[in-house]
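Trainee: I have not looked at this structure before. Please take me through it feature by feature.

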Amino acid sequence: MAKLYDLIIVGAGPGGAMAAKVAGENGLKAALLERKTDIKTIRRICTMIINTDEEGFGEYITYNYRNKRFVFPHNGFSVTYDGPFRPIYGFHITSPNGSRFQLGSAQKGKSGEQPPVGLMIDKGRWVEIMVNEARQNGVEVFTNTNVNTISKESDYVVVTDNGGNEYRGTFVIAADGVNSRIARKLGFNKERTFLGTYKDTARTYEGAQVPDGDVLMFCMGWRTSISIAPELTEGHYHLSAASYSINDNLDAELDRFLSSEPFASWFKNAKEIGHRNSCVSNIASPIQVPFKDNVLLVGDAGWMQETSITGAILPGWSAANAVTEALVKNQINKEGISTYLKWWDTYLYQPHGKRLASSGGAELKEFLSAEDIDYLVSLAPDPLQGTMNFFVIMKSIGRTFAALLPKIQEERPDIMQKLLAIRSFPRALALAKRRREGCAITS
Amino acid sequence: MIQIDKDKCSGCCGCVDHCPVAAINVINDEVIIDDDICMECLICTKVCPLGAPREVANA
């Protein structure tokens, strides 16, 4: 008869690895299942930045440089991280002619006048540390294990891998990422709104000279969403193109970007290195209650797209502790793990999930030309307060441009008309376009 | 049948996730399509950002 675990965790990303570490420390009989062979090799695109020293999901993460620990003071724990890191000083938006809208000044950051807003880490090393600690505390780790089905028996949950091996757990934590097969096998996707299929391809360059490059940069005004992100090694950058239209030629777009000034100069001495990275995400509205039949969904598995590393670590931590509490109280049900559902609702769903669930509007590129974007970005040339909190970024952009509307109306009424058209574009039409141009996973 | 071009594949597992019948798995860090399960719906060819899965004639 198959062994019965207290807890099975599916997926050894930041969410699952944290859950496994907690499960081990708490003394649970636990198994961590991961499809990759080597958990520290990260294949999917990720900027690998942990937001620090500002609020995020109710936490105020900071890094203890002396003891090499990331500190979570609000929830009351800290974790070892002894790998390499790189300070990130902001989030910048560029327009096609190189104008910048800056949240955070890279120059002030490098001169020490402004603290980092995030630390780029080696995510593979992060996960490796968590999983090693889990292993040392008795968690069994199964790599090369692709979980394909999940079902509920009377007293336990069964997950099965592609080899037909069964794993039984009183509880399961599904940390299998944005395209969670477990979420859809449990029927969650039927109630979620499909928001698009997001395809992303990234190249790595060495020897690029990116001005004020210690930031995460989004380049607007192109056919696809182009971004430039630093790598841990100085002079190394990821250049990526992403789109909701699966037929877009992302490589051709990157080539076009690289041949346009000023960006061409940034990369003129650069050489592409390593293998290309990619990811394709099925974006669906966030799940309000990430629980069914003793399966808890954490991180991206229950969200919309990119909770961020912090947004994966914290649910993983909360869920594993909630499972522990439920086992101690012998409440093997939704009530038993309710502290996790309260965490998700308080820090993710109410402040952000509700709003994102009704997101989806016109794409700016359908209305605004490259020159329009040049004009708009040039209206706010002075750096604003640095942040890497995605929601604060969106609010800052909204506030800044709302205040500029009278000026835009006066100087460029044509652009004002376009902005109004974007705002009033029917969501139903925008979502229909995403459905047409994407490839929804529904079951 | 559908084959994954190993030179193009990044191992991002987008196709593994999107396959409606779970025909694609990661085995020893290689993304492999199980022909017995594959329905040739071509979703993997559509979603891959690097164009790694492609139709080849059956042997």
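Mentor: Start with the sheet of three strands in chain A, which is open and has the order 3-10-7 with antiparallel pairing. Two strands pair if DSSP finds at least two bridges between them.

Trainee: Which strands stand at the edges of that sheet?

Mentor: Strand 3 (49-51) and strand 7 (85-88) of chain A do; each has a single partner strand, so one side of each is left without a neighbour in the sheet. From one strand to the next, the twist averages 30 degrees. For such angles, axes are lines fitted to C-alpha atoms, for helices over the stretch in contact, and the angle between N-to-C directions runs from 0 to 180 degrees. Strand 3 of chain A is joined to strand 10 (residues 118-121) of chain A by three bridges in the antiparallel sense. Ile50(A) has Leu119(A) of strand 10 as its bridge partner.

Trainee: Before going on, how should I read the numbering and the model?

Mentor: This is a predicted model, where local features need pLDDT of at least 70, side-chain atom pairs count only at pLDDT 80 or more, and totals for chains, interfaces and linings use all residues. Residues are numbered from 1 along each chain as its sequence is written, while chains are lettered from A and ligands numbered from 1 in the order in which they are written.

Trainee: How many residues of strand 1 of chain A are buried?

Mentor: A residue is buried if 20 or more other C-beta atoms lie within 10 Å of its own, exposed if 12 or fewer, and partly exposed in between, with C-beta atoms placed from the backbone. In strand 1 (residues 4-10) of chain A, six of the seven residues are buried. This strand runs parallel to strand 14 (residues 166-174) of chain A, with six bridges, and Leu7(A) has Phe171(A) as its bridge partner there. Strand 1 of chain A also runs parallel to strand 2 (residues 30-33) of chain A, with four bridges. In that pairing Val10(A) stands opposite Leu33(A).

Trainee: Which residues have the most contacts inside the largest nonpolar core?

Mentor: A nonpolar core is a set of buried Ala, Val, Leu, Ile, Met, Phe, Trp, Tyr and Cys residues joined through C-beta atoms within 7 Å. The largest one has 139 residues, and those with the most contacts inside it include Ile9(A), Ile173(A) and Leu296(A). Helix 7 (residues 309-329) of chain A gives the largest share, eleven residues. Domain 1 (4-48 + 122-192 + 285-357) and domain 2 (194-283) of chain A both contribute residues, so the core lies between them. The domain bounds come from an automatic or database domain assignment.

Trainee: How far apart are the centres of domain 1 and domain 2 of chain A?

Mentor: Their C-alpha centres lie 30 Å apart. Two residues are in contact if their C-beta atoms, placed from the backbone, lie within 7 Å. Ten residues of domain 1 of chain A are in contact with 14 residues of domain 2 of chain A.

Trainee: How many residues does each chain give to the contact between chain A and chain B?

Mentor: Chain A gives 27 residues and chain B gives 19 residues. On the chain A side, strand 19 (271-284) supplies the largest share, namely seven residues. By class, that side has six nonpolar, twelve polar and nine charged residues. Ala, Val, Leu, Ile, Met, Phe, Trp, Tyr, Cys and Pro count as nonpolar, Asp, Glu, Lys and Arg as charged, and the others, Gly among them, as polar.

Trainee: What should I look for in the backbone angles?

Mentor: Most residues other than glycine have a negative phi, and most peptide bonds are trans. Asn144(A) has a positive phi, near 55 degrees. Asn144(A) sits in the loop between strand 11 (140-142) and strand 12 (147-152) of chain A. In chain B, phi of Cys13(B) is near 70 degrees.

Trainee: Is Cys13(B) buried or exposed?

Mentor: Cys13(B) is buried, because 23 other C-beta atoms lie within 10 Å. By contrast, Asn144(A) has 18 C-beta neighbours inside 10 Å, so Asn144(A) counts as partly exposed.

Trainee: Where is the cis peptide bond?

Mentor: The bond from Glu261(A) to Pro262(A) is cis, with omega near 0 degrees. Pro262(A) lies in the loop between helix 5 (250-258) and helix 6 (263-266) of chain A.

Conventions
Helix = DSSP H or I, 4+ residues; strand = E, 2+ residues; numbered from the N terminus.
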